[in-house]
Amino acid sequence: MAKKAAAVIIVIVSLMVFGYTQYASASQINAKITESKLLEKSDKGSLYNLQLEFNNPSLLFLTAGKTEFTIIANDKTIGAGELDPFALPALGTATTSGVWLKDQAASENSQVKISGVTKYQLLFASIDVPFTYYPTYDQTREFIADA
C-alpha cells in the first residue's frame, strides 16, 4: 500500500514540475515584426497592418484569442491595435497579423516598445502571457516616420 501511495505522489509531483516548467517556458514566448504596412491616413491618425511572428519555446500547443497591444515610443503611447487569433505549435512559430492606429506623432529616432497580453487557451485552462517587444530601428522606421 505504501508503494502505491509513493508512486501516486511521485506522479503528481512530476506532473506539477512538468506543468510549472512548461508555464515558465510559455512565459518566454517572444515576437518579432515581419511586416508593417501603412494602409491609410485620416484625421484620426495612420492605420497600419502589422504582422508578427511568435516563437513558442514550450512543449505546449497553444491557441491565442485576439490580442490587444499598445505601441510606445520614448515612454509615450503613440497607438494601439489588435492582433488576430492564432495557434502556436509546440516548439514552433506562428505568424499573425492585425491592425493598429497611430494617433500620436513620434520622432524618427524613438525607442519603440510593443506591449500587450495574449490569452492562450490550453485544454480547460487559460494562460495570460504578457509580452514586451523592442523592435529594431529598421523594423519600425516606416511606421514611426509615416513613410
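1. Helices here are DSSP runs of H or I with at least four residues, numbered from the N terminus. By that rule, Met16 belongs to helix α1, which covers residues 2-26. Please keep in mind that this is a predicted model.

2. Start with the overall layout. The protein chain contains 2 helices and 9 strands. In sequence order, the pattern reads α-β-β-β-β-β-β-β-β-β-α. The radius of gyration is 19 Å, well over the 15 Å that the globule rule gives for 147 residues, so the protein chain is more spread out than a compact globule. The C-alpha trace spans about 75 × 25 × 20 Å along its principal axes.

3. Next, contacts and surface. Take contacts in the protein chain between residues at least 6 apart in sequence: 62% of them join residues at least 24 apart. Of the 147 residues, 35% count as buried. The accessible surface of the protein chain is about 8,800 Å². Carbon and sulfur atoms account for 58% of that surface.

4. Back to Met16. Is this residue buried or exposed? Met16 counts as exposed, because its relative accessibility is 59% and the cut-off for exposed is over 50%. Together with Val8 and Ile12, Met16 makes a nonpolar surface patch of about 300 Å².

5. Now the aromatic side chains. The structure holds 2 aromatic pairs. One of them joins Tyr48 and Trp100: the ring centres are 5.1 Å apart and the planes meet at 15 degrees, so the pair is stacked. Tyr48 sits in strand β2 (residues 45-55) and Trp100 in strand β7, so this pair ties together parts that are 52 residues apart in sequence. Both Tyr48 and Trp100 are buried.

6. Phe54 and Phe86 also form a stacked pair, at 4.8 Å centre to centre with 20 degrees between the planes. Phe54 is in strand β2 and Phe86 in strand β6, so the pair links parts 32 residues apart in sequence. Phe54 is buried, with a relative accessible area of 1%. Phe86 is buried as well, at 8%.

7. Last, a glycine to look at. Where is Gly92 found? Gly92 is in the loop between β6 (86-88) and β7 (93-102). Although in a loop, Gly92 counts as buried because its relative accessible area is 14%, and buried means under 20%. Leaving aside residues up to four places away in sequence, Gly92 touches Phe54, Asn55 and Asn56. Gly92 and Leu62 are 30 residues apart in sequence, and their C-alpha atoms are 10 Å apart in space.

Methods
Residues numbered from 1 in each chain as written. Predicted model: local features only at pLDDT ≥ 70, side-chain atom pairs only at ≥ 80, totals over all residues. Heavy atoms only, no water. Patch = residues over 30% accessible without salt bridge, like charges linked within 9 Å, V, L, I, M, F, W, Y side chains within 5 Å. Areas by Shrake-Rupley, 256 points an atom, 1.4 Å probe, with all protein chains shown as cover. Salt bridge = Lys/Arg side-chain N within 4 Å of Asp/Glu carboxyl O. Buried < 20%, exposed > 50% of the residue type's maximum accessible area, 1.4 Å probe, protein only. Rg over C-alpha atoms; globule rule 2.2 N^0.38 Å. Contact = heavy atoms within 4.5 Å. Phe/Tyr/Trp six-rings, centres within 6.5 Å; stacked < 30°, edge-to-face > 60°.
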